[in-house]
Amino acid sequence: MTSAGGPSDKRPPESSSAEKNDTLKYQLLGPSLTKAGQDKVDQQKVSEIIYNASKGSKFFNHEQDRDRNLTVKIERIRKEKARLRETRPDRDLSQYVIHVDCDAFFAAVEELDRPELKTVPMAVGKGVLTTCNYVARQFGVRSGMASFVAKKLCPQLVLVSQNYEKYSAKAQEIREILAQYDPLFESASVDEAYLNITAYCSANNMDPEETVQKMRAQILERTKISVSAGIAPNAKIAKISSNINKPNGQFRVPNERKAVMEFMKDLPVRKVNGVGRVFERELDSIGIKTCGDVYPQRALLSKLFGEKAFQFLAQCYLGLGRTKIEPVETHERKSVSTESTFHEIGDKEELRDKLRWAAQEMEKDLLRTQFKGRTLTLKVKLHTFEVLTRQTAPPRAVSSAKDLYDFAVPMLAKLEKDIPGMKLRLLGLRCSNLVSTKKISVNFFGPASAHQRPRTVEPPPHQDHEIGAEEAFEAAARQEVQDEMNDLEQLSQETGLPGQGAEDIADDRTFNDHVDFCLSRQTIREVVQDTSETALSNLMASNPPNPPNLIRKRKNPSQPVSSEPDPRQKRLFFQ
DNA sequence: GACTCGTTG
DNA sequence: CCTACAACGAGTC
């Protein structure tokens, strides 16, 4: 075989190969093309001579056969490449995806009941604000803010305690309207949803903007809740867009490649769903502030943050995102947890009381959500704010408060033993590896099936018979590989990103001659953070901390069953 | 696979 | 008085 030193940049173009026997001549040159001392030689002439000299020999015929086979194989590869592009175009500009987001939802619902609150700064939440109205925002008050801080910013701030049931009921009214525009819409949280309105638009011969205008007006009229919306070719951009003309507004990024690229170019990476405080700073440290900044640094990214992050950022730069919107009911819950914060406690008996209480809360939650857990996790936060978790797999799935407590206590005891004088400010329990206690579901692929992967599997379009689980899994696996390939291809084709050759990396080392390409995440941390390691170092002497994990993106989001949504829950969407 | 830690929203 | 939940990537063993 000629695999050693195989076809390189000297390879003849496949297109003109047939009539001129170029590939065969190339093959006949043998494996030594890249050997030193050949640079000056005219390979064209050499191959011509070899060709004519060996013509008709057995060797020649054999090589000819091999060349024919390879040519056929390459043709198949090209066809497959074309097919992949056709079947799943990465930049799908054919869909109108919208993201609908209620404006200051909880606060807005409260204002419906108590209109006098409309004109005063008001927030919903006790210790921490869940939402605040736009009057309060004038003072710098934000959701997620501790209420004592908010009070300092705005002493007149009116605090209203939250009533989830009320908000859920209101959200249901809104969802009924959404369903008219896309019956398969996707709830992202109580007050957020994704819709694909492509079908609606064409059926009613309306453009997406007037459709969304109409929808928003309808929601406001019927429910008295104002919503904002983003209209875009995919969910990622729609989500970002819904924030642009908030409140009570909408924004559209047209379904054109140029418009999308331009929109992403100056967009701060932080605006993208999935980029938080930490990742933002890490990216900033290598000069990436906007999605457009990703491109010049592209060769560095997978080295610094891993392949996943590279893929993710490439998609940010390109403005790619999913267009598939599906009801949230198809997702499955992965864990149930409860935790609570309190003043520092060091007393062992008192800690056991807290644990007992957590176990009781957990029991209620498990009953409500109809699950048992095969894995039990104890979470604690030390007085230093250091967080630790300890996990066990009880001999059977657990759900009763007694079981939860009994299996959790040894973990707590071990922590107390390992950390002399341990003082906690938080204690929590989590059950994962869930086993459903719901009645047997009729639908095999439905959420109730315990060992079933929650991920929904899309059967190949030509397949109209029922597919079995094995096949479904395989299809899912194939899909994943295909997605990956498409990503890469998209990247190199549409942006002119030239493969992953070593030259690219060298070319791109603009700012970072001094940067070691093997930079670990820890090193990045050291560069961008000024943290001195907090307590626990004494513990670590005997029990060293794990090295930093090169975390990055998650893949398939999922959401708790929508019948019992936790309003605080938000979803993550990547890809 | 089990366990742990960390990030994100 | 900087919360509570859930998901998940990734490293280690």
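## A bridge between a strand and a helix

In this predicted model, the side chains of Arg252 and Glu209 meet in a salt bridge, 3.7 Å from N to O. A salt bridge is a side-chain nitrogen of Lys or Arg within 4 Å of a carboxyl oxygen of Asp or Glu. Arg252 sits in strand E8 (residues 250-252) and Glu209 in helix H10 (residues 208-223), so the pair ties together parts that are 43 residues apart in sequence. Helices (H or I, at least four residues) and strands (E, at least two) are DSSP runs, numbered from the N terminus.

Arg252 is partly exposed at 22% relative accessibility. Glu209 is partly exposed too, at 37%. Partly exposed lies between buried (under 20% relative accessible area) and exposed (over 50%), with a 1.4 Å probe and protein chains only.

## Bridges within a helix

Arg68 and Asp65 form a salt bridge of 3.1 Å, N to O. Both lie in helix H4 (residues 58-87), three residues apart, about one turn of the helix. Arg68 is partly exposed at 47%, and Asp65 is partly exposed at 42%.

Glu361 pairs with Lys364, their closest N and O atoms 2.9 Å apart. These two are three residues apart in helix H16 (residues 348-369), about one helical turn. Glu361 is partly exposed at 21%.

## Network and total

Salt bridges that share partners join Glu110, Asp113 and Lys166 into one network. The structure holds 22 salt bridges.

## How to read the values

Residues are numbered from 1 along each chain as its sequence is written, and side-chain values use heavy atoms, without hydrogens and water. Local features need pLDDT of at least 70, and side-chain atom pairs count only at pLDDT 80 or more, while totals for chains, interfaces and linings use all residues.

Conventions. Chains are lettered from A and ligands numbered from 1 in the order in which they are written.
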